[in-house]
Amino acid sequence: MEFLESYEAVVIGAGHAGCEAALACARMGRSTLLITLNLDSLAMMPCNPAIGGTAKGHLVRELDALGGEMGRAIDDTFIQSRMLNTGKGPAVHSLRAQADKKAYQRRMRRAVDECERLDLRQAEVRQIFVENGRVAGVETTTGARIGCRAVVVCTGVYLKARIIIGECSWNGGPQGLLAANALTQNLMDLGFPIRRFKTGTPARLDGRTIDFSKMEPQDGDNPIVPFSFLTDPAALRNRARCYLTYTTPETHRIILDNLHRAPMYAGTIHGTGARYCPSIEDKIVRFKDKERHPIFMEPEGLDTNEWYVQGMSTSMPEDVQRMIYASVPGLERAKVLRLAYAIEYDCIDPRTLDSSFRAREIEGLYFAGQVNGTSGYEEAAAQGLYAGMNAALWLQGREPMLLTRADAYIGVLVDDLVTKGVDEPYRMMTSRAEYRLLLRQDNADLRLTELGHAAGLASDERLRRMEAKRRDTREAIEALGRLHLIEKLRRVEVNYDTLRAERPELPELSDEIKQQTEIEVKYEGYIARQQVEERRFRRMERTPLPADADYLNMSGLRIEARQKLDAQRPRSLGQASRIPGVSPGDVSVLMIWLKSLGLGPEPEEGGDA
């Protein structure tokens with residue numbers, strides 16, 4: 001097969017997943033081509049104008065710790081920042097920053113343009129060539145054939161995308177862009193099961209016609225905690241204000257009176273929507289006891305009059321939308337600049353991927369982002385980084401970087417997708433992480449930067465800063481111990497500054513080191529308990545299952561377990577235990593079988609095998 005040109009890697013799609021995947025591949029020394037339907041839509045935010053949020057903030061800090069770009073980009077372009085869940089423990093503290101959408105796109109485009117070994121091109125890929133079970137190249141709809149050894153598919157919500165507003169629908173991507181109609185059939189031909197998912201977005205309103213005096217102001221934090229471990233907090237400031245308002249009984253009446261015209265209830269929408277990001281009509285139906293629902297007004301940027309109506313996603317007809325928005329305090333005379341809409345799109349079953357996000361049956365083919373059945377910019381970016389890193393490692397002939405549920409939220413995300421699969425758009429939540437006290441956003445660098453540096457992505461500067469943070473925290477705790485102040489710091493009402501005011505011989509610390517020190521001391525007992533559970537988990541993860549195991553003929557396993565294990569071929573006893581349909585009894589059978597082969601789990605410390 002003849003090719004117009006060749007690269008080591010081709011990334012299809014330049015959304016949040018594609019940008020991170022392409023940057024990771026190129027920064028790790030691989031010649032990379034990033035192909036997108038429209039150059040002007042690179043790193044576009046088609047929905048909410050924000051990065052982070054509960055659990056999502058954890059993902060952004062983790063991908064930053066590994067050497068990704070999203071954290072630095074949002075630090076450079078945010079207009080308001082807040083730390084969520086501060087009334088709860090540190091395990092669930094999560095950053096969220098309002099973005100200037102256009103500024104964010106320009107910032108990410110600059111990172112792509114300035115990256116060595118990375119080329120950018122506008123085109124639509126219609127085929128991935130596979131020869132002898134390995135990626136050979138791609139072909140665009142205009143007939144250009146490009147050779148490569150690895151492909152990362154990051155097509156987002158564009159595969160056969162369809163926009164729905166009431167009784168009206170058409171083939172198209174988000175915000176008036178084109179759909180990608182050619183690649184789905186090729187993926188099916190390559191053996192990937194295709195699913196149809198749905199998401200949606202609220203209207204955009206003209207801020208000059210909004211009465212903010214009827215709303216509650218929502219200001220940002222001061223001081224501000226950055227997303228990136230490389231950003232100087234002193235350089236950050238808030239530049240915009242958000243507002244809070246609520247739906248009314250009139251809002252609910254309008255929706256219920258017109259429910260028969262809602263595509264979700266009229267049968268027009270066939271894709272599966274996200275449970276944790278419901279439309280306003282779905283909220284009204286599901287939560288009939290609630291008298292009102294919060295609506296957050298968020299600016300789309302500093303140089304635009306567009307405002308995002310957070311909490312009012314809908315696919316109602318235009319006339320109903322206008323009535324709904326006008327029923328909300330402060331929006332009575334607001335002009336609609338962009339209508340809300342639902343979008344359906346194709347995605348794959350992520351259980352066809354292994355734990356590096358590589359296709360099980362095709363070497364060199366990786367998938368990341370919403371094509372894997374997820375939702376959200378942050379989930380997409382984290383997957384893009386992970387798939388891009390592993391594609392680059394594979395091209396180098398190195399072992400993949402596999403993050404487990406005990407390593408990172410990214411590990412939880414990956415394991416949920418490839419082991420459990422999804423039947424609706426997946427959203428990361430802190431409740432999905434069993435070891436969330438260990439996987440805090442504040443210690444993402446301590447957990448992951450060494451791994452990113454070893455892989456060749458995280459810089460020497462990142463590693464140096466992480467090591468200094470670890471050293472300074474250790475020395476601060478040792479100083480507290482020498483002065484017999486550990487027990488005193490464990491009290492709820494006492495912090496490091498309180499103690500230093502009494503004992504000035506304590507070292508002066510940055511806010512970051514004070515936070516680490518206080519968390520490690522105050523939560524020492526809880527952390528120790530989770531570490532015991534973590535060690536048990538890792539013991540199961542370190543127990544490999546033979547790649548050629550004959551599950552279908554293994555006596556003692558239930559039929560369902562035999563079929564599921566044979567289909568998914570888990571890499572470890574731990575992963576097998578999380579496959580839906582594999583019971584604890586089935587896991588016991590696997591353990592006995594492994595011991596008969598001399599491959600059983602290693603003994604726990606102080607225990608028997």
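Mentor: Cys115 counts as buried, with 10% relative accessibility, where buried means under 20% relative accessible area with a 1.4 Å probe and protein chains only. This is a predicted model, in which local features need pLDDT of at least 70, side-chain atom pairs count only at pLDDT 80 or more, and totals for chains, interfaces and linings use all residues. Residues are numbered from 1 along each chain as its sequence is written, and side-chain values use heavy atoms, without hydrogens and water.

Trainee: How many disulfides are there?

Mentor: The count is zero, a disulfide being a pair of cysteine sulfur atoms within 2.5 Å. For Cys115, the nearest cysteine sulfur belongs to Cys25 and is 10.0 Å away.

Trainee: Switching to the core, which residues touch the most other members?

Mentor: In the largest nonpolar core, which has 119 residues, they are Val151 and Leu365; such a core is a set of buried Ala, Val, Leu, Ile, Met, Phe, Trp, Tyr and Cys residues joined through side-chain atoms within 4.5 Å.

Trainee: What does Val151 touch?

Mentor: Leaving aside residues up to four places away in sequence, the contacts of Val151 (heavy atoms within 4.5 Å) include Val10, Ile128 and Leu365. Apart from this core lies another, of 26 residues, with Ile295 and Tyr325 among them.

Definitions and conventions
Buried means under 20% relative accessible area, exposed over 50%, partly exposed in between (1.4 Å probe, protein chains only).
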